[in-house]
Amino acid sequence: MIRKQYPFFYKRYAYDLSKNVLHDLKNEKDECKINEMDEEDIEMYSSLNEGSLMLDHPVHTKCPHCMGEE
Ligand SMILES: [Zn+2]
C-alpha cells in the first residue's frame, strides 16, 4: 500500500536500512511488516531505475514476499 505520510511520501519502494531489504509497497504483503519498521530505518525510492539505490546500497536483498518472481 502506498502511503502519503512521512516517511513514505507516496513513493513506491521502501528500503529497510536495518535489514538491508527492499520492499515494493505496491505489492506489499502482511509478511513485509512495513508497519513495524522503524521510520528512522526507512529510505524511500520512487523507482528502481534510480541509480542512487544501487550506489547507496550495492548489496541488498529484495523482499521475497513483495519482490519475488516477476
Ligand atoms: Zn516486502
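**Close-up views of a predicted model**

**Figure 1. The zinc ion has a tetrahedral arrangement of donors.** The four donor atoms around the zinc ion subtend angles of 98 to 114 degrees, which makes the arrangement tetrahedral. For comparison, the ideal angle for four tetrahedral donors is 109.5 degrees. The model shown here and in the following figures is predicted. The protein donors are ND1 of His 23 and the SG atoms of Cys 32, Cys 63 and Cys 66, and they lie 2.1 to 2.3 Å from the zinc ion.

**Figure 2. The donors of the zinc ion are spaced along the chain as H-x8-C-x30-C-x2-C.** Within this pattern, Cys 32 and Cys 63 link distant parts of the chain, being 31 residues apart. Cys 32 belongs to the loop between β2 and β3, whereas Cys 63 belongs to the segment after β4. Both Cys 32 and Cys 63 are buried.

**Figure 3. Four strands form an open sheet with mixed pairing.** The order of the strands in the sheet is β3-β1-β2-β4. Strands β3 (42-45) and β4 (61-62) stand at the edges; each has a single partner strand, so one side of each is left without a neighbour in the sheet.

**Figure 4. Strands β2 and β4 pair in the parallel sense.** Strand β2 comprises residues 21-24, and two bridges connect this strand with β4. Leu 22 has Lys 62 in β4 as its bridge partner.

**Figure 5. Asp 16 is a buried residue of strand β1.** Strand β1 covers residues 13-16. The relative accessible area of Asp 16 is 3%, under the 20% limit, and the residue therefore counts as buried.

**Figure 6. Tyr 6 and Phe 9 form an edge-to-face aromatic pair.** The structure holds one aromatic pair. A pair of aromatic rings is described by the distance of the centres and the angle of the planes. The ring centres of Tyr 6 and Phe 9 are 6.0 Å apart and their planes stand at 70 degrees; since planes over 60 degrees apart count as edge-to-face, the pair falls in that class. Tyr 6 has a relative accessibility of 48% and so counts as partly exposed.

**Figure 7. Arg 3 lies over the face of Phe 8.** The distance from Arg 3 to the ring centre of Phe 8 is 5.1 Å.

Notes. Residues numbered from 1 in each chain as written. Predicted model: local features only at pLDDT ≥ 70, side-chain atom pairs only at ≥ 80, totals over all residues. Heavy atoms only, no water. Pairing = 2+ DSSP bridges. Donors = N, O, S within 2.8 Å, 3.2 Å for Na, K, Ca; no water. Tetrahedral: all angles 85-135°; square planar, octahedral: opposite > 155°, others 65-115°. Buried < 20%, exposed > 50% of the residue type's maximum accessible area, 1.4 Å probe, protein only. Phe/Tyr/Trp six-rings, centres within 6.5 Å; stacked < 30°, edge-to-face > 60°. Lys NZ or Arg CZ within 6 Å of the ring centre and 35° of its normal.
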